[in-house]
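Hi,

Here is the structure I promised to pass on.

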Amino acid sequence: MKKIGIWLDKEKAHIVILKNDYEYFETVFSKLDFFNPKGGSGTKFKGGPQDVVQDSKYLEREKHQLKKYFDKIVKKVLDADTLVLFGPAGTNEKLNKELQLSYPELAAKIKAVIKADSMTHNQVKALIRNFYRIKNQV
């Protein structure tokens, strides 16, 4: 049985695969551009001319980049028997929604979507091992 846990944020995803007493660890990087749009003003005085910031342009670009990032992750976990998603922000929930929409057969294998703080590689491995150990005991 192939049990997979993914800890992810917008920068990277740590994938831990547990299969037949073996443990595999892999990291997938997102290559997401971190935008910090700023509208400069043409003057230092209040009420002077200002540049218009196109937030929708940045958000749309981020949405497309997240889709590519999620597709890279999905290619690594398509043959999972069970799947659990961890992460410190809403990225794990966005991945869950993407799986529900685009990969319903994989989404059906998700056992949990859990908030978790930033962790080292060993902490991620331990978190996923413990999750499946507790699930097996219940």
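To start with the helices: which residues in α1 meet which residues in α2? On the α1 side they are L66, K67, F70, I73 and V74, and on the α2 side T91, K94, L95, E98, L99 and S102. Contact here means heavy atoms within 4.5 Å.

Before the rest, a word on what you are looking at. This is a predicted model, where local features need pLDDT of at least 70 and side-chain atom pairs count only at pLDDT 80 or more, while totals for chains, interfaces and linings use all residues. Residues are numbered from 1 along each chain as its sequence is written, and side-chain values use heavy atoms, with hydrogens and water left out.

The overall layout

The protein chain has 4 helices and 5 strands, and from the N terminus they come in the order β-β-β-α-β-α-α-β-α. Of the 138 residues, 36% are buried. Buried means under 20% relative accessible area, exposed means over 50%, and partly exposed is in between, with a 1.4 Å probe and protein chains only. If you take contacts between residues at least 6 apart in sequence, 62% of them join residues at least 24 apart.

The sheet

The 5 strands form an open sheet in the order β3-β2-β1-β4-β5, and the pairing is mixed. Because β3 (22-29) and β5 (110-115) are at the edges with a single partner strand each, one side of each has no neighbour in the sheet. On average, neighbouring strands are turned by 15 degrees against each other, direction ignored. A pair of strands counts as such if DSSP finds at least two bridges between them. β1 (residues 2-8) and β4 (residues 82-87) are parallel partners, joined over 5 bridges.

α1 (residues 55-77) lies across β1, β2 (12-19), β3 and β4, and runs at about 165 degrees to β3. α2 (residues 91-102) also packs on the sheet, where it touches β1, β4 and β5 and makes about 155 degrees with the direction of β5. For these angles, axes are lines fitted to C-alpha atoms (for helices over the stretch in contact), and the values run from 0 to 180 degrees between N-to-C directions.

How do α1 and α2 pack, at what angle and with their axes how far apart? The angle is about 75 degrees and the axes are 11 Å apart. The two are therefore roughly perpendicular to each other, a label that covers 65 to 115 degrees (under 35 is roughly parallel, over 145 roughly antiparallel, and the rest oblique).

The lengths agree too. The 23 residues of α1 should span 33 Å at 1.5 Å a residue, and its end C-alpha atoms are 33 Å apart. The expected span is 1.5 Å times one less than the number of residues.

In α1, the buried residues are E62, Q65, L66, Y69, F70, I73, V74 and V77, and what covers them includes β1, β2, β3, β4, α2 and α3. In α2, T91, N92, L95, N96, E98 and L99 are buried. Seen down the axis, these fall within an arc of 165 degrees, so they line one face of α2; the arc is that of the directions from the helix axis to the C-beta atoms. K97 and L101 are exposed on the other side of α2. The cover over the buried residues of α2 includes β1, α1, β4, α3 (104-107) and β5.

I4 sits in β1 and is buried, with a relative accessible area of 0%. Leaving aside neighbours within four places in sequence, I4 is in contact with I15, V16, I17, V77, A80, T82, L83, V84 and Y132. The C-alpha atoms of I4 and I110 are 9.5 Å apart, although 106 residues separate them along the chain.

Most residues other than glycine have a negative phi. D21, in the loop between β2 and β3, has a positive phi near 65 degrees and counts as exposed at 87% relative accessibility. K31, in the loop between β3 and α1, has a positive phi of about 60 degrees and is exposed at 70%.

Cheers
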